[in-house]
Structure formats: C-alpha cells, structure tokens
Amino acid sequence: MRVVIAEDLALLREGLTRILTAFDIEVAEAVDNGPALLPALLRHRPDVAVVDVRLPPTFTDEGLQAAIAARAEVPGLPVLVLSQHVEPLYARELLTDRRGGVGYLLKDRVSDVAQFVDAVRRVAAGGTAMDPEVVSQLLARRGPLAALTPREREVLGQMAEGRSNAAIAAKLFVTEKAISKHINNIFTKLAMPPSDDDNRRVLAVLAYLNA
Amino acid sequence: METRAWVRDGLRAVADGVIAVGLALTNFPLLVLWIVALVLTPVAGIGLVALPFVTWLVRGRADLARRLAARAGVAIARPYAPRPENARLGGWRRYRWILTDPATWRDLAWLLPGGLAGLVLGVLSLALPLYGIEGITLLPLWLSLGLDSYGYGIYWPIQTLGEGMMSLPQGVLILAAGVAVAPALRWVDAQFTRLFLAPTRAADLRLRVAHLTETRADTVDAQAAELRRIERDLHDGAQARLVSLGMTIGLAEELLERDPAAVRKLLAEAREASGSALVELRHLVRGIHPPVLAERGLDGAVRALALNLPLPVGVEVDLPGRPETPVESAAYFAVAEALTNVVRHSGAQTAAVSIRYADGALAMVVLDDGRGGADPGAGTGLRGMGRRLAAFDGTMTLSSPPGGPTVVTMELPCALSSPKTSHSSVRA
C-alpha cells in the first residue's frame, strides 16, 4: 500500500512516515504545503492520502481544501485528514461527495499506532474513520436523528467511526445479528434507498453528520 | 551659563516677535479671501473648491500661531473636527464640514484681533532692543551730525559731549531690558492666541473621543493579533510536540517485543521531546505574562530581563508601590521591546533602564550607547510599543540622533497601590 503525506511540521511528518513505514506501508511522498499536495497526489495516485488540515501558505484549512479538490479531481480518492482539533463541519464537507474513503481524526489518535494504521487501511479500502470526538459532539445534538432510539444512535456513531458490524457487536456486548437489525432499522428510519451495504453506511454517516 | 541661557531665550523671543509681525500681516488678506470665497459659493460653485482651500490656508496660519505659542511655553491643541471619510474636495460634505465646525469661526474671529496683537507685541519686542542698539552705536552718528540735532534716552536733544557719551550705558540698559522683556511679550501674545485658537471644552471632548476611538481600535487589533500569535505558537509548538511524543511512545509500544533496541532509542527521544514541549510552554507563558512579573513586580521582572540580555544593562527602579496588573504588564512589555531593539539594532556596548514614579505617571527611560539613528516609522516594534502604551493614555518619545545615544522615554499615567508592608506573616 502506498500513501502520500501532507504535514508542515517536520517533527510530525517524520513521525508519521516512521510509523507507516514500520507497518510496511510505503510513503510515496511527504509534502509540507498545500499547493504541492494535489500534484503529488496526481503523480503518485496513492491508495490513501494522509493530510493535515492546516498547511502553509495560508495556515488556515489549506489541507482540507486541497483534499476536497483532490477528490473532485480523482473521484473517491481515499483521504485521511488529521488535525489538532476536529470540527463536525469539516467532516461534513469531506463527505459531501457521498463517496466513502474518508477519515477525519485528531492527531492524538496516531499515538495508538495499531488503531491508527488500521484506520489508514480502512479508509484506503473505502470505509470511514470519524474521530470519536466528532461523533460525541454530534451525539449531543438533536435533529432528524431524533427518530432513532438511543441504541441505534450509538450504533450509527460506531459506524461513523468506521467499525464493522462485528466490531460494533463486540464493543456493545451484543450479537452481530442484533447489530445488523439495528443497522437495518437505521437505514429504514433515515429512508436510505436500498443499495450496496458499504455505500449505505457512508450515506448513513453523512446523514448523521448533517443532522 | 545662566546668563547665556537668559540671553538666548531673549534673542529667540525677539526673533519670534519678528516672525509674528510677518505672519500678522497675512491675517487681514486671509480674512478678505475667506469672505470672498464664501460669497462666491453661489457663483457656479466656485466656493465649493475655493472655501476649503482658503480655510486650509487659514488653518495653516492658525497652526503657525500655535507653534509660536508653543515656543513661548503655551501649548495649544488643534481644535478641528476630523474630516469625514467621503468628503471630497469640491463636494458639499467637505463644505459643510468646514462651515459647521465652530473652530472655523473661531479662527476667523481671531484673524483681525490676533493680527493686531501680533503686530503690536512683535513690533514692541523688536523696538526696544533696536533702540538700545542705536544708543550703543549712536556716538559716531551723533558726532557726524553735530550737537543739538539729535537726542537719546533722557537727553533730548543732546547738548554736550558728556550727554552724548551717556547714550552708551543707556543703550546697554535698554537693550538688556528689551531682551529681558521679549519672552514676556511672546507669552502675552501666546495667551491672546490661546483665547481664540485653543479648543473649546466641547472641541476638547470631541478630540478626546476621537483619540479614544483610535486607541481602542488599536488595542483591539493588537489583542487579536496577540491571541492569534499565542494560538499559532501553541498549535505549532507544544501541541505538536505532544502529538509527536504520543506517536513516538505509540511506536515504541508496538515494537516492544520485536525490537527492544529501537524501543530504547524511541523512549530516549520521547523524554527529550517532553523536555522541549515544556521549554516551549515556558517561553509561551513568559510571552503572555512573565511569572517573575507576577511574583516580583516591575522591578524584579525588569532586573530578571536585564540579566538575560547579552550586554550589561543598568537597572534603576524607584517605585513606592505597584501599578495595576494591566498597566504593569504594558509597562514591562514596553521596556522589554525597547531592550529587544537595543540588542537587535543598536550595536550598543551598554544600556540602562530607569523607572520611577512622578506626578501620577510611571516614567520609564531606556537608553543605550549604540549607533543611534532609530526611525520610529521603520519597524513595527516601536509602533506597537506606542500603541500598547496609548491604550493606557501613555506616550513614547524617541530621541536617536545618528551616532547615538538612543533614548526612549515612555510615560504611563497610573495610580500605584500602597506598598505591601511585609511578606512575612506570623505563624505558629
């Protein structure tokens, strides 16, 4: 698997490179600014891009914009966005193209190396990896998700974080069958059209973020 | 020495008197011009352009009178309302701005009496010394003209050679009196000018409001920039280091069984990273509010700062108490900025800081023996310093002739809390 990294702070750029390399993930290129990201992505066509939100030259949300632009250019290009703070607003913007392969994590999560590498792989495979922080911020809100039972909201939150049915079942101490029942209920309540399961999961997460 | 100062002041006053006479002669023509410009307003709107122009001349003239008054020791502020933003020349707004400003009318009221006073007082201050000089230089003149044809002082006409010789001491006395009296005449003229040209109470308040509006905006800007800087420093500094620390430890955890040697290296790295994170936090905290300032006040903080600089800095602080925290902080950072400039730009061998409290204000002086030539317009540092102080009605003046020395004088009006009587407390 090959990745392109965009991170302006050398310390973190090297840390990320080292961790990914240690897990046999090839770092095709590590850029340190926003404008260099898109050309690097087009040149290497990596399996996933790991991008810091705040990059030079503007030090605003340069990385996020570059990631969204790259996904417009290369539809469905998996992008894992890292930041020192998370905003549900940014998560929603990342997901608006309704394709999977999106992750949005606090940089803190990288220190749980195994889980981080797992998230990188999951996003590369077209899944999602929303930070628990984003999820918990949204759980506290009311909205269209009011129709869901607390348990269903919990399951939806776990889906947003990117867990598989089996993983959710293990986490909530129920059977996998119970989880798929919950998920079907969620799809029905959110009026998700029947389609392949992966895509519906993304849409459900998006509904969750839009709530 | 004292005599020389007295003579110098007198001669300068006489010279100012001459200037005042010259300027006074323009007053009447200016008044006429202004009235003509006003009357011409209905004629194809000429006045819309002419009146602002003539008013500009009148105000320039009034400003010169204020400058002369300042030289005589009477400070007179400009009373004019600030120009509205979209008041273009030739526009109605500009015209209205001029006509509705009471200061315009006060200027006009001043033109005639002011001109007259300037003329009379100026001529007077010149006439006495001239007459004195005449007395001193009269002798040859009088000899060539012959007796009985001329007089001087108390002898009129001069009849004997002895009386003629008396013109010399009389002349010296009159010249001395003239020079001595000239500053007083200038002062009277200045007071008369102030009567008309100083801001009224309302204008004073308006100026004050304008000043406050400006300094408030500056303060808010400075504060926002400061917060942004702190956010940046945290984001790129300590926060990033902690993330990196987490990464290193996480990786070490993963490698624990596979590669213990690498783990040892990673852990050493982690320890180092935690150290640098702390150093960065400490620097940041010092930039926000130095702990030593909180603990020891301005005196201790400036001394501590001086010790950290690469050149010897003499510190002299004489404060009977502590100012309010925000004032103290502003004072500290102003001194710190001044010292930073010394280190960066002056090439000085030594510097000195003096801080004392007098007349309800902190007076801070930072001087160095460097190359001088500092330009307050050049760097943002000096300007920022001025702004920091302006928020508390403080002022900063800079004297930095080429070749040095550079002296930064800062004043910060404030009250001091009564000094803490004792730190020791009675404990069982």
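How many residues does helix α1 of chain A have, and what does α1(A) reach from its first C-alpha to its last? Helix α1(A) spans residues 10–22, so to speak of 13 residues, and reaches 18 Å, close to the 18 Å expected at 1.5 Å a residue. The expected span is 1.5 Å times one less than the number of residues. Helices (H or I, at least four residues) and strands (E, at least two) are DSSP runs, numbered from the N terminus.

This is a predicted model, in which local features need pLDDT of at least 70, side-chain atom pairs count only at pLDDT 80 or more, and totals for chains, interfaces and linings use all residues. Residues are numbered from 1 along each chain as its sequence is written, while chains are lettered from A and ligands numbered from 1 in the order in which they are written.

Buried is 20 or more other C-beta atoms within 10 Å of a residue's own, exposed is 12 or fewer, and C-beta atoms are placed from the backbone.

| State in α1(A) | Residues |
|---|---|
| Buried | Leu12(A), Arg13(A), Gly15(A), Leu16(A), Ile19(A), Leu20(A) |
| Exposed, on the other side | Ala10(A), Thr21(A) |

In all, 15 of its residues are in contact with 15 residues of chain A, contact being C-beta atoms, placed from the backbone, within 7 Å. Helix α8(B) gives the most to this side of chain B, with 13 residues.

Note on methods: Two residues are in contact if their C-beta atoms, placed from the backbone, lie within 7 Å.
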